[in-house]
Amino acid sequence: MTIRNELASLANSLWTATARPAEDFPPLGLDATADVAIVGGGFTGLSAALHLAERGVSVVLLEAEQPGWGASGRNGGQVIPGLKEDPEAIERIYGPGMGGRVNRLAAAAPDLVFDLIDKHAIACDAVRGGWLQPAHDAAGLRTQQARVEQLQARGAPVELLDRAATAQRLGTSSYLGGMLDPRGGAVHPLDYATGLAAAAARAGARLHGNSPVRSLGRSGSGWLLRTAGGSVTAGKVLLCTNGYTDGLLPRLARSVIAVRSVQVATEPLPQTLRADMLRGGLAASDTRRLLVYFRLDAAGRLLIGGRGAQGEKAIEAAQERLRRRALQLYPQLAGVRWAHHWGGYVALTEDHLPHLHEPQPGLVTGLGYNGRGVAMATAMGKVLAERAAGAEPADLDFPVTGLREVPFHALRRPIVATIAAWYAVRDRLGF
Ligand SMILES: Cc1cc2nc3c(=O)[nH]c(=O)nc-3n(C[C@H](O)[C@H](O)[C@H](O)COP(=O)(O)OP(=O)(O)OC[C@H]3O[C@@H](n4cnc5c(N)ncnc54)[C@H](O)[C@@H]3O)c2cc1C
């Protein structure tokens with residue numbers, strides 16, 4: 001990833017174009033001390049800063065650009081309950097005790113998001129219109145059925161919709177059915193991020209923008225972080241850099257695979273075109289291996305996203321594929337203007353689950369949301385705050401695991417591209 005590419009990928013972002021005015025946080029310009037230093041101003045770092053400051057812990061947050069510049073200000077804004085893996089798999093992986101806690105944390109993550117928005121009066125077009133996962137083929141529908149059964153057994157208010165009910169909610173008959181989860185919803189992600197930043201600052205956190213942390217090392221029993229303009233000495237450090245993890249901790253960067261996701265959005269659609277689409281503010285992500293996610297924003301623009309690629313030409317091709325896919329779903333959009341296109345990096349993990357690591361005493365990190373971090377990164381930030389405030393690992397609702405590098409990480413680009421091409425074939429041929 002290069003900063004130039006990343007700036008280019010933001011230039012035509014729907015969220016930058018429609019964001020409410022937000023505070024620009026000044027660069028760090030002195031040598032500061034704090035109980036906790038946070039690197040990264042996305043949902044993970046901002047939620048951690050807010051929760052720590054509310055506990056009266058002194059906290060400094062350092063963001064390379066401005067809060068929300070990473071994935072948090074670029075995503076689809078879908079507030080999705082749960083993780084990529086189903087509850088039974090999570091209980092198998094972590095055991096019934098910790099697995100149950102992780103499931104409950106992920107299930108309640110949307111509540112946390114909407115409660116924070118209410119509590120701190122964050123204006124971000126929040127709507128709790130539910131989340132629908134429509135099935136594109138029979139295998140996808142069977143997976144949805146099993147998922148619904150597992151979730152219902154754990155008290156989740158989800159239901160399996162048949163083909164007609166799915167078509168009625170989405171306004172397209174392209175799917176065979178799907179799981180409706182009323183706990184989900186949507187936000188303007190950049191406004192949510194800048195709103196969290198403002199709330200954290202009001203609670204007493206010291207936030208600094210344009211302050212890339214260039215080095216991180218031990219200092220006595222704590223840590224010393226240096227930026228171009230100053231330093232922070234802190235007892236504990238939270239690394240919240242997810243898909244934008246750089247060379248600060250190379251092992252951490254090699255524990256995830258950063259892949260690009262891209263989105264395109266129409267101009268605001270006339271009511272006549274969108275009356276039947278995505279009723280009640282519904283957000284949707286389908287069951288394809290290379291899934292597409294789509295919803296209407298507050299002004300009635302359709303935004304649709306999916307897997308991107310590396311390189312300008314490949315990104316343009318991915319955006320064109322999304323526009324074509326949107327027309328297959330909603331043929332009435334033929335002729336509408338596509339006003340925005342943008343993208344960013346998500347962090348994938350080998351087990352498709354987020355990770356919480358503590359690579360050294362007092363150095364804690366949470367990352368790897370596999371493209372599902374609006375709710376989960378907010379929840380992870382709260383867990384990181386609890387750990388930094390002194391909770392024991394056994395008392396957290398997410399397990400602290402050893403940091404493991406992805407094998408052959410240097411070959412990630414060609415490997416990911418090959419897997420993506422294979423998935424595209426399987427999605428097309430349905431096996
Ligand atoms: C295009 C796209 C669409 C998505 N859609 C959805 C969706 O609809 N729903 C959903 O749930 N999830 C979605 N996601 C995923 C979600 O956005 C992320 O999981 C979430 O935002 C991660 O938040 P974060 O705070 O961990 O990381 P980020 O928001 O990426 O923040 C990391 C920050 O760290 C900073 N940083 C890195 N290195 C340094 C350093 N050395 N010094 C200082 N700062 C540093 C970066 O500048 C960056 O701002 C999407 C992601 C993308 C890219």
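Trainee: Why is L278 called buried?

Mentor: The relative accessible area of L278 is 3%. Buried means under 20% relative accessible area, exposed means over 50%, and partly exposed lies in between, with a 1.4 Å probe and protein chains only. The value of 3% falls under 20%, so L278 is buried. Please note that this is a predicted model, in which local features need pLDDT of at least 70, side-chain atom pairs count only at pLDDT 80 or more, and totals for chains, interfaces and linings use all residues. Residues are numbered from 1 along each chain as its sequence is written, and side-chain values use heavy atoms, with hydrogens and water left out.

Trainee: Where is L278 found, and what is its phi?

Mentor: L278 belongs to the loop between α9 and β13 (283–285). Helices (H or I, at least four residues) and strands (E, at least two) are DSSP runs, numbered from the N terminus. L278 is not a glycine, yet its phi is positive, at about 45 degrees. N370, in the loop between β18 and α11, also is not a glycine and has a positive phi of about 50 degrees.

Trainee: Why does N370 count as buried?

Mentor: Its relative accessibility is 6%, so N370 counts as buried.

Trainee: What makes E267 partly exposed?

Mentor: The relative accessible area of E267 is 28%, so this residue is partly exposed. E267 sits in the loop between β12 and α9 (271–274).

Trainee: Which residues does E267 touch?

Mentor: Not counting residues up to four places away in sequence, E267 touches G300, R301, V336, R337 and A339. Contact means heavy atoms within 4.5 Å. For E267 and A339, which are 72 residues apart along the chain, the C-alpha atoms are separated by 5.3 Å.

Trainee: Why is strand β18 described as largely enclosed by the rest of the structure?

Mentor: β18 (residues 363–367) has five residues, and five of the five are buried, so the strand is largely enclosed by the rest of the structure. L363, T365 and L367 point one way, V364 and G366 point the other way, and all are buried.

Trainee: How do you know that β18 pairs with β17?

Mentor: Two strands pair if DSSP finds at least two bridges between them. β17 (residues 355–360) and β18 have four bridges, in the antiparallel sense, so they meet the criterion of at least two. H357 has T365 of β18 as its bridge partner. The two strands form a hairpin with two residues between them, and G362 in the turn has a positive phi of about 85 degrees.

Trainee: Which strand runs parallel to β18?

Mentor: That strand is β11 (residues 231–239), joined to β18 by three bridges. L238 has V364 of β18 as its bridge partner. β11 is also parallel to β1 (residues 31–39), with eight bridges between them, and V39 stands opposite L239 there.

Trainee: What makes the backbone nitrogen of D191 a polar contact of the H188 side chain?

Mentor: A polar contact is a pair of N or O atoms within 3.5 Å; within protein, one must be able to donate a hydrogen and the other to accept it, and residues adjacent in sequence count only if both atoms are side-chain atoms. A polar atom of the H188 side chain lies 3.2 Å from the backbone nitrogen of D191. With 3% relative accessibility, H188 counts as buried.

Trainee: Which residues come nearest to the ligand?

Mentor: T44, E63, S72, Q78 and V374 come nearest, out of the 39 residues around the ligand. A residue is near a molecule or strand if one of its heavy atoms lies within 4 Å of it.

Trainee: Which ligand atom lies 2.9 Å from the side chain of D246?

Mentor: A nitrogen atom of the ligand lies at that distance from an N or O atom in the D246 side chain. The protein covers 98% of the 1,000 Å² of accessible area that the ligand has on its own; accessible areas come from the Shrake-Rupley method with a 1.4 Å probe, and for residues only the protein chains shown count as cover. A ligand nitrogen is also 2.9 Å from a polar backbone atom of G76, and a ligand oxygen lies 3.0 Å from a backbone N or O atom of F43.
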